[in-house]
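Colleague: I am new to this structure and would like to learn how to read it with some care. Could you show it to me before we start?

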Amino acid sequence: MKQKIKKLPSFIDRNFGTKNPFELCELLGINVRFKNYNIEAMKGYYTKLDDENIFIYINSNLNKRAQEIVCAHELGHIFLHPNAGNHFNGGDVQREYEANLFAAYLLLNESTYDIKFENMNNYLLQQAINDLII
């Protein structure tokens, strides 16, 4: 699965001409909605009503870079776990790791780190992503 995740952002860029998660959502017909969540822990989630009605909800209180990362993370779920359902309490640890890995490959330059993303555990991936949010 890690190799699939590693290759997916390049495939997306070649086929859609962008790695910007908001542009990807627009091109794919995925609706992005911003909501004022008063809890910091609620960063975002996605819902899939059917193949034509997919929504990503993002906390409007996050800064723009954090919103971009959350959108990329949720796109990771959509691409990698399309039928997994929503888990608002953090969900499956493996699925969260895979969505973080996808977001890292989509938005970050792996060469700026001393370790390959695929060799990072979820904690290290989350730290790399959090560094961008702050």
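Modeller: What follows is a short walk from the overall fold to the salt bridges and the surface. This is a predicted model, in which local features need pLDDT of at least 70 and side-chain atom pairs count only at pLDDT 80 or more, while totals for chains, interfaces and linings use all residues. Residues are numbered from 1 along each chain as its sequence is written, and side-chain values use heavy atoms, with hydrogens and water left out.

Colleague: How many helices and strands does the protein chain have?

Modeller: Helices (H or I, at least four residues) and strands (E, at least two) are DSSP runs, numbered from the N terminus. Here the protein chain has 5 helices and 3 strands, and from the N terminus on they run α-α-β-β-β-α-α-α. The radius of gyration, taken over C-alpha atoms, is 14 Å, close to the 14 Å of the globule rule (2.2 Å times the number of residues to the power 0.38) for 134 residues, so the chain is as compact as a globular protein of that length.

Colleague: Which residues form a salt bridge with each other, Glu118 being one of them?

Modeller: Side chains of opposite charge can pair when their charged atoms come close. The term salt bridge is used for a side-chain nitrogen of Lys or Arg within 4 Å of a carboxyl oxygen of Asp or Glu, and a search of the whole structure finds 2 of them. In one, Glu118 pairs with Lys6, with the closest N and O atoms 3.4 Å apart. This pair links distant parts of the chain, since Glu118 is in the loop between helix H4 (93-107) and helix H5 (122-133), whereas Lys6 is in helix H1 (residues 2-16), 112 residues apart.

Colleague: And where do Glu68 and Arg65 lie?

Modeller: Both lie in helix H3, 3 residues apart, about one turn of the helix, and the closest N and O atoms of their salt bridge are 2.2 Å apart.

Colleague: Is Glu68 buried or exposed?

Modeller: Buried means under 20% relative accessible area, exposed over 50%, and partly exposed in between (1.4 Å probe, protein chains only). Glu68 has a relative accessible area of 16%, and therefore counts as buried, whereas Arg65, with 27%, is partly exposed.

Colleague: What does Glu68 touch, not counting residues up to four places away in sequence?

Modeller: With contact meaning heavy atoms within 4.5 Å, Glu68 touches Asn20, Pro21, Phe22 and Leu107.
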